[in-house]
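Hello,

Here is the structure I promised to pass on to you. Please have a look at it first, and then read on for my notes.

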Amino acid sequence: MTQSKRFAAVFLAVLLFIEVLCSVPSAVSAEEQPADSIIQAEGDFRYLISDEGAILSEYLGTASIVQLPGAVSSGAGEIPVVAIGEEAFCSCTDLTAVSLPESITAIQSRAFSDCPALKALLFQRVPDTISDSAFLGSDSVVIYTRESPLPGDLTLQEPDPENPD
């Protein structure tokens, strides 16, 4: 087998592996879901809500620039969004930038996997935990903090507390 054919075979195997990883459902099954948690959809986001806070479990939208809210409304009031769950943004091929609220403390495995257009993540506060595989297949991501300037072609508005929409 020639060098180029061998490379092509390995490349296709890696792509297939990533596709299999991303095709595993990201929703938590009833057996895995803690007894005291619920799943709630709000706008383009689906959350797993428990005593610890809300975990973004799935992004349902198609926007290229996403601003994640810092809290979810529930019957008990506002619940802070504390984590980006496994595969929450997996295969969002048009996603270019995401702004994360200060409340985020963790980014779980494959949260932004296979997002080839993703260029920027803006943190209001850098999370305590970021999984090693959080950006698998998303090779050009640059992480920005509140203090670092965004590239000239990206603008993210600060949330307006008086008008959350």
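Below is what was found in it, from the whole chain down to single residues.

Please keep in mind that this is a predicted model. The chain has 165 residues, of which 35% are buried. The accessible surface is about 9,700 Å², with 56% of it belonging to carbon and sulfur atoms. If you take the contacts between residues at least 6 apart in sequence, 41% of them join residues at least 24 apart.

**Aromatic rings**

Next, the rings. There are 5 aromatic pairs in the structure. One of them is formed by phenylalanine 89 and phenylalanine 112: the ring centres are 4.9 Å apart and the planes stand at 10°, under the 30 degrees that count as stacked, so this pair is stacked. Phenylalanine 89 belongs to the loop between strand 6 (77-84) and strand 7, while phenylalanine 112 belongs to the loop between strand 8 (106-107) and strand 9, so the pair ties together parts that are 23 residues apart in sequence. Both of these phenylalanines are buried. Ring pairs also link Phe89 and Phe112 with Phe45, Tyr47, Tyr59 and Phe135 into a cluster.

**Salt bridges**

The structure holds 4 salt bridges, and Glu86, Glu87 and Arg110 are linked in a network of them. Between glutamate 86 and arginine 110, the closest N and O atoms are 3.8 Å apart. Glutamate 86 lies in the loop between strand 6 and strand 7 and arginine 110 in the loop between strand 8 and strand 9, so this pair ties together parts that are 24 residues apart in sequence. For glutamate 87 and arginine 110, the closest N and O atoms are 2.9 Å apart, and that pair links parts of the chain 23 residues apart.

Glutamate 86, at 40%, is partly exposed.

Another salt bridge joins arginine 125 and aspartate 128, at 3.3 Å from N to O. Here arginine 125 is partly exposed at 29% relative accessibility, and aspartate 128 is exposed at 60%.

**Two backbone angles**

Finally, a point about the backbone. Most residues other than glycine have a negative phi. Glutamate 87, though not a glycine, has a positive phi of about 60°. Aspartate 114 also has a positive value, with phi near 55°. Aspartate 114 is found in the loop between strand 8 and strand 9 and is partly exposed, with a relative accessible area of 22%.

Enjoy looking through it!

Best wishes

Methods:
Residues numbered from 1 in each chain as written. Predicted model: local features only at pLDDT ≥ 70, side-chain atom pairs only at ≥ 80, totals over all residues. Heavy atoms only, no water. Phe/Tyr/Trp six-rings, centres within 6.5 Å; stacked < 30°, edge-to-face > 60°. Helix = DSSP H or I, 4+ residues; strand = E, 2+ residues; numbered from the N terminus. Buried < 20%, exposed > 50% of the residue type's maximum accessible area, 1.4 Å probe, protein only. Contact = heavy atoms within 4.5 Å. Areas by Shrake-Rupley, 256 points an atom, 1.4 Å probe, with all protein chains shown as cover. Salt bridge = Lys/Arg side-chain N within 4 Å of Asp/Glu carboxyl O.
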